[in-house]
Amino acid sequence: MSIEKKIVALKESIPAHVTLVAVSKTKPNEDLQEAYDAGQRIFGENKVQEMTRKWEKLPKDIQWHMIGHVQRNKVKYMASFVSLIHGVDSFKLLKEINKQGKKNHKKIPCLLQIHIAEEDTKFGFDEKELLELVQDKAFLELDHVEIKGLMGMATFTDDKNQIRREFKSLNTLFQGLKTTLDGLEILSMGMSGDYQIAIEEGSTMVRIGSSIFGARDYV
């Protein structure tokens with residue numbers, strides 16, 4: 001099945017209130033252009049340099065989402081054009097994003113990454129750290145960052161009940177946080193292998209790569 005047909009099929013299967021992020025990391029511009037021609041406008045990358053190269057070459061109405069772990073010294077390269085940073089996992093990173101937002105005279109939309117999986121390799125705040133962060137005066141003074149919601153990745157497991165529990169816990173946290181923070185609207189959870197469960201548990205944004213572009217090219 002072509003990339004175009006996969007995009008069309010996915011959009012037909014996903015509820016209208018759920019945003020599809022096409023995860024295009026390691027994929028050539030030709031693949032992204034094919035998805036673009038099928039109507040896809042939001043693409044997710046996990047390396048700032050690669051995303052910047054693609055931004056320079058591809059249509060300018062594309063919304064670029066940084067979905068990978070972000071190093072603070074790389075924020076400056078994407079600050080002028082990034083539409084959403086998914087993996088904000090520390091206050092130090094938030095401060096740097098705020099600094100670069102100020103330099104570019106814009107508020108940079110962000111999602112706070114929450115650690116919900118059992119694996120130690122995943123980044124993110126735990127619930128206690130999150131609640132401390134959003135009540136911190138220094139956090140509230142960041143005026144060039146716009147917190148749009150939360151993001152989390154479930155444990156990589158075949159146990160669908162565990163995946164469902166983890167997504168449910170993130171949605172519960174998200175709903176509770178709405179009473180504290182204004183403007184929360186995005187709950188980014190779910191990838192190619194578990195996005196249907198994520199949607200059932202309240203996801204409003206899914207990040208899908210291999211189901212569109214095929215297996216990732218490791219370089």
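## A lysine in a strand

Which strand is Lys148 found in? Lys148 sits in strand β6, the stretch covering residues 145-151. Keep in mind as you look around that this is a predicted model.

Is Lys148 buried or exposed? With a relative accessible area of 16%, Lys148 counts as buried, because the cut-off for that label is under 20%.

## The nonpolar cores

Now for the greasy part. The largest nonpolar core has 62 residues, and Ile85 and Leu150 are the ones with the most contacts inside it. Helix α8 (residues 160-177) supplies the largest share of this core, with 6 residues. Apart from that core lies another one, of 7 residues, and its members include Val21, Leu84, Ile186 and Met205.

What does Ile85 touch, not counting residues up to four places away in sequence? The list runs through Met66, Val70, Met78, Ile97 and Ile108, and then Pro109, Cys110 and Leu111.

## Phe174 on helix α8

Have a look at Phe174, which is found in helix α8. Phe174 is buried, and its relative accessible area is 2%. Once residues up to four places away in sequence are set aside, Phe174 touches Gly149 and Leu150, along with Leu184, Glu185, Ile186 and Leu187.

How far apart are Phe174 and Ile186 in sequence and in space? They are 12 residues apart along the chain, and their C-alpha atoms are 8.9 Å apart.

## How α1 meets α2

Over to a helix pair: α1 (residues 3-13) and α2 (residues 29-37). Their axes are 8 Å apart and the packing angle is about 45°. The crossing of α1 and α2 is right-handed.

Which residues make the contact? From α1 come Ile3, Glu4 and Ile7, and from α2 come Asp31, Glu34 and Ala35. By type, the contact residues split into 3 nonpolar and 3 charged, with no polar ones.

Key: Residues are numbered from 1 along each chain as its sequence is written. This is a predicted model: local features need pLDDT of at least 70, side-chain atom pairs count only at pLDDT 80 or more; totals for chains, interfaces and linings use all residues. Side-chain values use heavy atoms; hydrogens and water are left out. Helices (H or I, at least four residues) and strands (E, at least two) are DSSP runs, numbered from the N terminus. Buried means under 20% relative accessible area, exposed over 50%, partly exposed in between (1.4 Å probe, protein chains only). A nonpolar core is a set of buried Ala, Val, Leu, Ile, Met, Phe, Trp, Tyr and Cys residues joined through side-chain atoms within 4.5 Å. Contact means heavy atoms within 4.5 Å. Axes are lines fitted to C-alpha atoms, for helices over the stretch in contact, and angles run from 0 to 180 degrees between N-to-C directions. A crossing is left-handed if the near helix is turned anticlockwise from the far one by less than a right angle, and right-handed if clockwise. Ala, Val, Leu, Ile, Met, Phe, Trp, Tyr, Cys and Pro count as nonpolar, Asp, Glu, Lys and Arg as charged, and the others, Gly among them, as polar.
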